[in-house]
Amino acid sequence: MIILYLLLRHFLIKPVTDIMEKRKQLIADGLQSAQDAQDGALKMKQEYEAALNGAKQESVQIVENARKSAKAEYDRILEEAGNK
């Protein structure tokens, strides 16, 4: 009985245990890889949102500058017309 146990342990239990450990490690590596990819995607999303927000602010500033410039030009034209 002891010999049978030793043979089973050597040829069956140990290989099965090794296979299970390898699968466990493979799953853990896959989960870690997925977490790293998710973290990278979140970082890229934050960078994109920051860039988009900066672009929106810049466009608002450009429009505001154009309005000021147009208002100044309008006032200048009115002043010239009033002086004539």
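The model is a predicted one. The chain holds one helix and zero strands. Its radius of gyration is 36 Å, well over the 12 Å that the globule rule gives for 84 residues, so the chain is more spread out than a compact globule. Three salt bridges are counted, and buried residues make up 0% of the chain.

**Overall form**

- Helix α1 covers residues 2–83, and the chain contains zero strands.
- Along its principal axes, the C-alpha trace spans about 120 × 10 × 5 Å.
- The C-alpha atoms of I77 and L4 are separated by 107 Å, with the two residues 73 apart along the chain.
- Over a separation of 21 residues along the chain, the C-alpha atoms of Q32 and N53 are 31 Å from each other.
- For L42 and G30, which are twelve residues apart along the chain, the C-alpha separation is 18 Å.

**Surface and charge**

- The accessible surface of the chain amounts to about 8,000 Å², and carbon and sulfur atoms account for 63% of that area.
- Of the 84 residues in the chain, 0% are buried.
- A nonpolar patch on the surface is formed by M1, I2, L4, Y5, L6, L8, L12, I13, V16 and M20. Together, these residues have about 1,100 Å² of accessible area.
- I2, one of the residues in this patch, lies in helix α1. With a relative accessible area of 63%, I2 is above the 50% cut-off and is therefore classed as exposed.
- The chain carries 13 positive and 13 negative side chains. The centres of these two sets lie 8 Å apart.

**Salt bridge between D75 and K71**

- Side chains of opposite charge can pair when their charged atoms come close.
- D75 and K71 form a salt bridge through their side chains, with an N to O distance of 3.3 Å.
- Both D75 and K71 belong to helix α1, where they are four residues apart, or about one turn of the helix.
- D75 is partly exposed, at 35% relative accessibility.
- K71 has a relative accessible area of 48% and is likewise partly exposed.

**Salt-bridge network of E73, R76 and E80**

- A network of salt bridges links E73, R76 and E80.
- In the contact between E73 and R76, the side chains meet at 2.4 Å, N to O. These two residues are three apart in helix α1, so about one helical turn separates them.
- R76 also forms a salt bridge with E80, in which the closest N and O atoms are 2.4 Å apart. Because R76 and E80 are four residues apart in helix α1, their separation is about one helical turn.
- R76 takes part in the bridge to E73 and in the bridge to E80; R76 is partly exposed, at 38% relative accessibility.
- E73 is partly exposed, with a relative accessible area of 36%.
- E80 counts as partly exposed at 39% relative accessibility.

**Further residues in helix α1**

- Q32 is located in helix α1. Its relative accessibility of 47% places Q32 among the partly exposed residues.
- L42 also has its place in helix α1. At 45% relative accessibility, L42 is partly exposed.
- I77 is found in helix α1. The relative accessibility of I77 is 46%, and this residue counts as partly exposed.

Notes:
Residues numbered from 1 in each chain as written. Predicted model: local features only at pLDDT ≥ 70, side-chain atom pairs only at ≥ 80, totals over all residues. Heavy atoms only, no water. Rg over C-alpha atoms; globule rule 2.2 N^0.38 Å. Buried < 20%, exposed > 50% of the residue type's maximum accessible area, 1.4 Å probe, protein only. Areas by Shrake-Rupley, 256 points an atom, 1.4 Å probe, with all protein chains shown as cover. Lys, Arg positive; Asp, Glu negative; His and termini not counted. Charge placed at Lys NZ, Arg CZ, Asp CG, Glu CD. Patch = residues over 30% accessible without salt bridge, like charges linked within 9 Å, V, L, I, M, F, W, Y side chains within 5 Å. Salt bridge = Lys/Arg side-chain N within 4 Å of Asp/Glu carboxyl O.
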